[in-house]
Structures are given as structure tokens and as C-alpha cells.
Amino acid sequence: MKKRHITNHLKRKEWERKAMAKKGEQKTFETKKGDKYIFQHPGLREAVRMRDNAKNEHGVQQGEKLYDSMMEHVIFKEDGSKVNFEHFEEVGGFSEVMSEAVKFTFQES
């Protein structure tokens with residue numbers, strides 16, 4: 001018989017209680033520097049696919065693949081255009097934007 005740790009069980013219940021963002025739902029995010037971005041939720045299935053595709057053959061998540069997916073499907077400039085690594089090299093704020101976008105997409109808080 002498999003034992004379940006009570007803390008993990010409670011965390012799962014808390015996660016299930018949170019309202020998941022729906023496909024197409026948007027959030028405006030402003031960095032500390034004042035740059036504005038729009039996060040658009042890709043939907044639950046695509047979010048799971050993004051997370052799974054970012055893992056290597058050993059199940060370890062690879063940041064670059066996840067960030068590429070986030071920039072392709074979730075993070076947009078205020079004018080609706082896409083962002084890329086070069087954009088963040090010019091304006092900064094990469095970690096701040098990615099952290100908030102991952103929280104939005106996967107409902108982590």
C-alpha cells in the first residue's frame with residue numbers, strides 16, 4: 001500500500017481549489033522598470049504540453065525550452081508583438097517577467 005504524505009495531499013487540495021486561468025485569459029504585467037507585457041494563457045492542455053516538452057529524457061526540466069515556449073505562447077509586448085531572448089538582452093527584466101509568466105501559466109503562487 002502506498003503512503004501519501006499529508007503535506008503533499010494538502011498542497012494538492014489547495015492547488016485544485018485555485019481557479020485555473022482559462023484559455024485566452026489575459027493579464028497585464030509591468031516590470032519594476034516600467035516595461036509592460038501581456039500574458040495570455042495558452043489553455044491547460046498546451047500548458048501541460050509546454051512543461052512536458054521542456055523536460056529531457058531523465059525528466060529534468062530544461063529552462064531554455066520552457067522559456068522559448070513561454071515567449072512563443074504566453075508573453076507578448078504591450079503592442080501584441082512577440083518577445084525573444086534578444087528583446088530581454090536589450091531591455092532587461094528577463095527573470096522578473098519569466099517568473100511572473102510561469103506563475104500565471106501554471107497557477108503557482
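At what angle do helix α2 and helix α3 pack, and how far apart are their axes? The legends below take up this question and others, one view at a time.

**View 1. The whole chain in outline.** This is a predicted model, in which local features need pLDDT of at least 70 and side-chain atom pairs count only at pLDDT 80 or more, whereas totals for chains, interfaces and linings use all residues. Residues are numbered from 1 along each chain as its sequence is written, and side-chain values use heavy atoms, with hydrogens and water left out. The protein chain has 5 helices and 3 strands, where helices (H or I, at least four residues) and strands (E, at least two) are DSSP runs numbered from the N terminus. Followed along the sequence, these elements give the pattern α-β-β-α-α-β-α-α. Of the 109 residues in the protein chain, 28% are buried; buried means under 20% relative accessible area, exposed means over 50%, and partly exposed lies in between, using a 1.4 Å probe and protein chains only. Among contacts between residues at least 6 apart in sequence, 55% join residues at least 24 apart, a contact meaning heavy atoms within 4.5 Å.

**View 2. The packing of helices α2 and α3.** Two packed helices are described by the angle between their axes and the distance between the axes. Helix α2 (residues 44-53) and helix α3 (residues 63-73) pack at about 150 degrees, and their axes are 8 Å apart; axes are lines fitted to C-alpha atoms, for helices over the stretch in contact, and angles run from 0 to 180 degrees between N-to-C directions. This angle makes α2 roughly antiparallel to α3, since angles under 35 degrees count as roughly parallel, over 145 as roughly antiparallel, 65 to 115 as roughly perpendicular and the rest as oblique. The crossing of the two helices, α2 and α3, is right-handed, a term used if the near helix is turned clockwise from the far one by less than a right angle, while anticlockwise gives left-handed. On the α2 side the contact is made by E46, M50 and N53, and on the α3 side by K65, L66, S69, M70 and H73. Sorted by class, this contact of α2 with α3 has 3 nonpolar, 3 polar and 2 charged residues, where Ala, Val, Leu, Ile, Met, Phe, Trp, Tyr, Cys and Pro count as nonpolar, Asp, Glu, Lys and Arg as charged, and the others, Gly among them, as polar.

View 3. Strands of a sheet pair through backbone hydrogen bonds, either parallel or antiparallel. Here an open sheet of 3 strands has the order β1-β2-β3, with antiparallel pairing; two strands pair if DSSP finds at least two bridges between them. The edge strands, each pairing on one side only, are β1 (26-30) and β3 (75-77), and the twist averages 30 degrees from one strand to the next. Strands β1 and β2 pair over 5 bridges, with F29 having Y37 of β2 as its bridge partner, while 3 bridges join β2 (residues 36-40) to β3, where the bridge partner of F39 is I75. Helix α3 packs on the sheet, touching β2 and β3, and its direction makes about 50 degrees with that of β3. Helix α5 also packs on the sheet, touching β1, β2 and β3, and its direction makes about 155 degrees with that of β1.

**View 4. The buried residues of helix α3.** Which residues of α3 are buried? They are L66, S69, M70 and M71, and these buried residues pack against α2, β3, α4 (85-91) and α5.

**View 5. The β1-β2 loop and E96.** T31, found in the loop between β1 and β2, is buried, with a relative accessible area of 5%. Leaving aside neighbours within four places in sequence, T31 is in contact with Y37, E96 and V97. In the hairpin of β1 and β2, which has 5 residues between the strands, G34 takes a positive phi near 100 degrees. E96 lies in helix α5 (residues 94-106) and is partly exposed, with a relative accessible area of 26%. Apart from neighbours within four places in sequence, E96 is in contact with F29, E30, T31 and K32. The C-alpha atoms of E96 and K32 are separated by 8.6 Å, although these residues are 64 apart along the chain.
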